[in-house]
Amino acid sequence: MPSVLLPGDPDRVSKTASVLKQVKEIGRRREFQMARGMWNDAPITVCSTGIGGPSTEIAVVELANLGMKRGIRVGGMGATDPSMPLGSFLIVDTALRNTGTARVYDRSSEPIPASAEIVEALERAAKALNLPFRRGAIYTTDSYYWGQERLARPGADPRELPTAGLMRQLTEAGAVGMDMECEALFAVGRALGVQVGAVLAVHGNRATDQWLEDYEETQHNLIRLAATAVSFLDAR
């Protein structure tokens, strides 16, 4: 399984059958579901990681020991840049440092880059498919609520959040969105000698408070984009 696409949600693994050919379900245990398929003669494995760094670490380590040479996260994000439209894609070139799992594998405080070969292939694929995209940095966090400047209780005063002002700070740091897995994928994968990258669909824009209501076409294009990138990489 040299190339593996890594969605967070197990249910998205079965949805790859609408894009890939000759899809065969391999199995599921807890949040990890796996299948195999083909795209333009390129064999592709798909395995869900679940939510967050700890489960992503487990998936990446186990897949690396099963022969994964290249892992590409295919997930969603909340944009912090108001210019990013819903349904567009971020090709992640860098993950800012904020999670515990990643620190175990890379103790520096420097942002972790994605593998240049994967970033290049994803950009080429997005252009070939005429899909809206940009390249940029993601901020990865272990927290869904306070860690993403969300209220944990309805009606609470947002000014009292310990993370109040986070989105402004992220903009100043160069991040254009938030997710919960990229930093762990990049840190663990690089430590184990696996090429790593990510392409994320804009499911919501936190800056404009807009949210994608119909995910089907965007998810379909997300898999097409990553699978096309794999075929470009395999053709080298």
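My entries follow, starting with the ground rules.

**Ground rules.** I'm working on a predicted model, where local features need pLDDT of at least 70, side-chain atom pairs count only at pLDDT 80 or more, and totals for chains, interfaces and linings use all residues. Residues are numbered from 1 along each chain as its sequence is written, and side-chain values use heavy atoms, with hydrogens and water left out. My helices (H or I, at least four residues) and strands (E, at least two) are DSSP runs, numbered from the N terminus.

**Entry 1: α4 against α7.** I began with helix α4 (residues 116-128) and helix α7 (residues 216-234), whose axes come within 8 Å and cross at roughly 120°. That makes the pair oblique. For the record, angles under 35 degrees count as roughly parallel, over 145 as roughly antiparallel, 65 to 115 as roughly perpendicular and the rest as oblique. Axes here are lines fitted to C-alpha atoms, for helices over the stretch in contact, and angles run from 0 to 180 degrees between N-to-C directions. I noted the α4/α7 crossing as right-handed; that label applies if the near helix is turned clockwise from the far one by less than a right angle, and left-handed if anticlockwise.

Next I listed who meets whom, contact being heavy atoms within 4.5 Å. From α4 come Glu117, Ile118, Ala121, Leu122, Arg124, Ala125, Ala126 and Ala128, and from α7 come Leu225, Ala226, Thr228, Ala229, Phe232 and Leu233. The residues of this α4/α7 contact split into eleven nonpolar, one polar and two charged.

Entry 2: Is α6 enclosed or open? I found eight of the ten residues of helix α6 (residues 182-191) buried, so it is largely enclosed by the rest of the structure. Buried means under 20% relative accessible area, exposed over 50%, partly exposed in between (1.4 Å probe, protein chains only). The buried ones in α6 are Cys182, Glu183, Ala184, Leu185, Phe186, Ala187, Val188 and Gly189. After α6 comes Gly193, with a positive phi near 80°.

Helix α2 (residues 53-65) packs on α6 at about 35°, axes 9 Å apart, and that crossing is right-handed too. Gly53, Thr56, Glu57, Val60 and Val61 of α2 meet Ala184, Leu185, Val188 and Gly189 of α6. I get five nonpolar, three polar and one charged for the residues of the α2/α6 contact.

Entry 3: Leu6 sits in strand β1 (residues 3-6) and is buried, at 2% relative accessible area. Leaving aside neighbours within four places in sequence, Leu6 touches Cys47, Thr49, Leu63, Gly71, Ile72, Arg73, Val74 and Leu185. I also checked Leu6 to Gly197: 191 residues apart in sequence, 9.9 Å C-alpha to C-alpha.

Asn130 is in the loop between α4 and β8 (133-140), and at 70% relative accessibility Asn130 counts as exposed. Its C-alpha is 20 Å from that of Met77, which is 53 residues away along the chain.

Technical notes: Ala, Val, Leu, Ile, Met, Phe, Trp, Tyr, Cys and Pro count as nonpolar, Asp, Glu, Lys and Arg as charged, and the others, Gly among them, as polar.
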